[in-house]
Amino acid sequence: PMRVLFVTPRFPGAAHRGDQIRSAALIRHLSRDHEITLLSAEAVDAASPAFAMMRAHCHEVEQCPSPTLARLARVAAALPSRLPLQVALHADPRLAATVRRRLAGGDYDLVHLQLARLGELVDACGDVPVVVDFVDALSDNMRLRADAERGPARVLFSLEAGRLGHYERKLAATTTACVISAERDAAVIGGANRPVVVPNGIDLERMSHVADQTSRRGLVFVANWAYFPNRHGLRWLIDQVWPLVRDAVQDASLDLIGRDPEAIRFVDGCPGVRVLGAVDSVVPALHRAAVAVAPLHVGTGQSLKVLEAMACGAVVVTTPAVANALGPAAHD
């Protein structure tokens, strides 16, 4: 068995963000055969379910949060440089010092860095092999967002996309290995040390499959509403598609489930649309819905929300960009 130092920018499993779900799943899987020490740059309550889950699968759990003012100061200092702002946000000297302290005793065989945002920790790892999980090509995510924005925001995201593209290729070239969730994202980064595709997985015990469609009603869209691609896709759905659906099916309903529902106030008053906010489990909603929608046009990576809906037996309607990232099974 290997001894792995698994470093994350956000605490695994503490929220329904894709990188947190993926990192929690990787830790659960790897801990079957290897000894995992989790080092998280985000702190959660030791009494929380996420902490208990990680404590059950990890040899040790250490949290090293960075003060907000220090994070903002690093971003400001990075503005005139070529360092991506999202990398600067997480380039905490205290986190690097903690990595060095952990590795100084020679107790680890491998360091796993979750997301390119932690790329500045590579130097702290010394001679210990480093694997980076990009999850997706963040540079492409920023490029797509720049295309969808207007004014100063478009310039900002375009600049960040350029910085991230250079940084991702450099990071891939200087680490022992790197992985990513979808083939199209691997192609974006490319290079001699092209990321190996490790698709997202689903907990099939939790996401129980219900094939019976007779009792299913309405549509559901499960998302983190603070994430721009989800809001962008919802606005397109509401503006371009939902009026046509309601014309065809007058009692059609759409349930919107997820964190930060205040970010989608633009749907207020829209006929047939209910904002349900965050829920303890999305499974009941996916069992009730006739159709799960994922109308994303500017996202990257492999959509966990679509995999979860498919695992629960819901019919999924999505965009070609999302479906292509899932591979051939999405088109069967």
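User: Is the crossing in which H6 passes H9 left-handed or right-handed, and what makes it so?

Analyst: H6 passes H9 in a left-handed crossing, a term that applies if the near helix is turned anticlockwise from the far one by less than a right angle (clockwise would be right-handed). This is a predicted model, in which local features need pLDDT of at least 70 and side-chain atom pairs count only at pLDDT 80 or more, while totals for chains, interfaces and linings use all residues. Residues are numbered from 1 along each chain as its sequence is written, and side-chain values use heavy atoms, without hydrogens or water.

User: Why is H6 called oblique to H9?

Analyst: The axes of H6 (residues 138-148) and H9 (residues 228-248) come within 11 Å and cross at roughly 40°. That makes H6 oblique to H9, the term left for angles that are not under 35 degrees (roughly parallel), over 145 (roughly antiparallel) or 65 to 115 (roughly perpendicular).

User: Which residues make the contact?

Analyst: With contact meaning heavy atoms within 4.5 Å, Asn 141, Arg 145 and Ala 148 of H6 meet Phe 228, Pro 229, Arg 231 and His 232 of H9.

User: How much space lies in the second largest pocket, and which helix gives the largest share of its lining?

Analyst: The second largest pocket holds about 880 Å³ of space. Of the 30 residues that line it, the closest to its centre are Ile 21, Ala 24, Arg 28, Met 53 and Arg 206. H1 gives the largest share of the lining, 8 residues.

How values were computed
Axes fitted to C-alpha atoms, helices over the stretch in contact; angles between N-to-C directions. Helix = DSSP H or I, 4+ residues; strand = E, 2+ residues; numbered from the N terminus. 1 Å grid on protein atoms, 1.4 Å probe; cavity = no way out; pocket = protein on both sides within 12 Å on 5 of 7 lines; lining within 4 Å. Points joined across faces, edges and corners; volume = space filled by probe spheres on them.
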